[in-house]
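Take a moment with the structure shown here. The text after it leads you through its parts.

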Amino acid sequence: FKHGICTVEILDAKTKDKLCFLDKVEPNATIGEIKSMFHKSHPQWYAARQSIRLDPKGKSLKDEDVLQHLPVGTTATFYFRDLGAQISWVTVFLTEYGGPLLLYLMFYFRVPFIYAPKYDFTTSKHWVVHLACMCHSFHYLKRLLETLFVHRFSHGTMPLRNIFKNCTYYWGFAAWMAYYINHPLYTPPIRYYINHPLYTPPPIYGEQQVRIALIIFLFCQVGNFSIHIALRNLRPPGSKTRKIPYPTKNPFTWIFLLVSCPNYTYELGSWFGFTLMTQCLPVAFFTAVGFIQMTVWAKGKHRSYLKEFRDYPPLRSPILPFVL
Amino acid sequence: MASMEEDGSVEEKDNNNKKRTKSAIAVAWLTFYNIAMTAGWLVLAMAMMRFYLQKATHKGLYKSIARTLKFFQTVALVEVGHCAIGIVRTSVIVTGVQVCSRIFMVWFITNSIKQIQNEESVILFLVVWTLTEITRYSFYTFNLLNHLPYFIKWARYNMFIIMYPLGVAGELLTIYAALPFVRKTGMLSMRLPNKYNISFDYYYFLIIVMLSYIPLFPQLFFHMLRQRRKVLLGEIIVEKDE
């Protein structure tokens with residue numbers, strides 16, 4: 001337990017240059033407060049882009065770490081690494097999700113310069129195309145509202161270059177899917193019958209396939225939302241404690257018995273439903289790529305749960321019950 | 001694009017008997033593989049030289065070596081496997097992109113579009129590939145045998161400066177020559193309406209491929225330059241963050 005006042009010097013992790021010298025620092029000051037003080041002397045490095053560490057190649061210290069609990073003397077030496085321009089997670093999510101929402105609608109309303117001019121501002125004759133637009137828009141609207149009101153982010157920011165990468169992915173795929181689903185030559189799901197001599201084809205399309213697909217989609221949307229609410233309730237506002245998620249009274253959360261990241265499971269299910277509904281290969285590709293990415297994330301999350309909690313339920317798989 | 005992998009030698013394992021046996025099999029296989037590939041590309045080189053010396057023209061040369069080329073270039077896919085299981089310390093993605101771009105040229109350009117097989121640009125990239133691969137595979141072979149003659153190391157890390165741009169030129173000119181034939185036949189293309197609700201235009205796809213050389217070629221080239229500085233000149237390069 002240290003009394004009195006400490007001094008802090010901050011060196012560049014690569015060049016070891018002395019960047020900042022802070023005297024009269026309270027022993028109970030947090031890294032977060034030290035970051036603010038560093039920011040005052042170097043205004044171009046706001047707190048979010050500072051990585052402060054005890055060792056030039058070591059891990060970043062957390063904002064909540066207190067000076068006197070760190071293995072330093074009365075003069076603490078820290079190393080600084082610039083994380084690069086940062087952007088808040090909320091901003092990234094709003095841009096990522098707002099793009100697909102608007103882009104899809106542009107294709108749905110057949111805004112000029114997308115399809116041949118004679119189709120400008122026309123609407124598709126297939127009812128499944130209207131249904132698909134509602135589902136797609138609902139999905140991204142839900143994501144936007146969850147970003148604003150449901151999700152609690154552990155990190156405030158991410159590197160700026162991520163927004164370009166992420167937006168290219170979401171916007172690119174949304175445009176690619178929307179182009180074909182809303183195309184004048186789009187072919188909706190059609191039922192195939194055996195070539196019976198007394199066969200009379202009904203004047204409808206693959207209603208059954210679309211109906212099943214819609215049920216799957218809606219079920220998974222509700223499921224995904226339920227998981228997001230359950231995860232939010234796991235952590236009271238402002239706290240950073242980590243807990244194992246468990247099933248709640250909501251039946252959609254009972255999947256926690258079998259899976260560590262059911263939000264990804266439900267997300268995969270939603271897109272599978274949308275693929276079935278639209279019978280569009282670009283949608284299938286988007287679902288496949290999303291599945292791969294979410295599996296990687298789920299495995300990582302599952303591994304960190306296992307590392308952090310001794311009593312983690314052994315029956316759970318990362319993303320697909322018993323399988324993956 | 002011409003290959004540009006990092007040193008493909010086997011990881012040093014510590015004195016653990018079990019690990020050493022696994023290493024020995026890996027070393028044996030890789031040595032065999034690299035010798036076989038060196039031989040294969042040497043055979044290709046000699047077949048090309050013999051054809052040109054006998055016929056005094058390059059017309060028909062591609063056709064005469066097509067089978068051998070397809071075989072040895074396609075077999076190179078196993079190198080992706082080597083990286084995946086870890087017996088070669090190179091990124092799977094880098095190797096994958098390399099091999100795929102070669103497979104693409106061989107199978108989807110020169111093999112599929114017969115009319116461009118007698119273009120001079122084809123000979124250009126064939127010569128470049130042959131020289132590059134012979135150097136690369138013999139480099140790996142000697143490395144595995146721990147007897148690397150300096151001139152092979154010198155060749156591997158210097159020839160690319162000329163070979164790489166020439167190879168890119170040969171490939172781009174060939175794709176460009178193929179465009180009118182692709183447009184005329186509509187090969188590998190799919191139009192709407194169809195039950196998968198997707199369309200694909202091979203002609204525009206090839207144009208995008210050609211444009212992609214613009215960002216990709218400099219990256220790969222400068223990567224090789226950095227490797228060269230590290231290996232030949234012993235420079236210590238300070239890597240960027242993380």
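What follows starts with one chain, moves to the other and ends where they meet. Keep in mind that this is a predicted model.

Begin with chain B. Its secondary structure comes to 8 helices and 0 strands. Follow the sequence of chain B and the pattern reads α-α-α-α-α-α-α-α. Chain B has 242 residues, and 45% of them are buried. Chain B exposes about 13,400 Å².

Now move to chain A. An unreviewed UniProt entry lists residues 87–107, 212–231, 252–274 and 280–298 of chain A under "transmembrane region". Two of these spans can be described further. Residues 252–274 of chain A are 57% helix and 0% strand. The end C-alpha atoms of that span lie 20 Å apart. Residues 280–298 of chain A are 95% helix and 0% strand. Here the end C-alpha atoms are 27 Å apart.

Finally, where do the chains meet? On one side, 10 residues of chain B make contact; on the other, 17 residues of chain A. Together the two chains bury about 1,200 Å², with 51% of it on carbon and sulfur atoms. What polar links cross the interface of chain B and chain A? There are 5 residue pairs in polar contact, both residues at pLDDT 80 or more. Salt bridges across this interface number 0.

Technical notes: Residues numbered from 1 in each chain as written. Chains lettered and ligands numbered in written order. Predicted model: local features only at pLDDT ≥ 70, side-chain atom pairs only at ≥ 80, totals over all residues. Heavy atoms only, no water. Helix = DSSP H or I, 4+ residues; strand = E, 2+ residues; numbered from the N terminus. Buried < 20%, exposed > 50% of the residue type's maximum accessible area, 1.4 Å probe, protein only. Areas by Shrake-Rupley, 256 points an atom, 1.4 Å probe, with all protein chains shown as cover. UniProt positions renumbered as here; feature names shortened; annotations may be inferred. Contact = heavy atoms within 4.5 Å. Buried area = accessible area lost by both parts, 1.4 Å probe. Salt bridge = Lys/Arg side-chain N within 4 Å of Asp/Glu carboxyl O. Polar contact = N/O pair within 3.5 Å; in protein donor to acceptor, adjacent residues only side chain to side chain.
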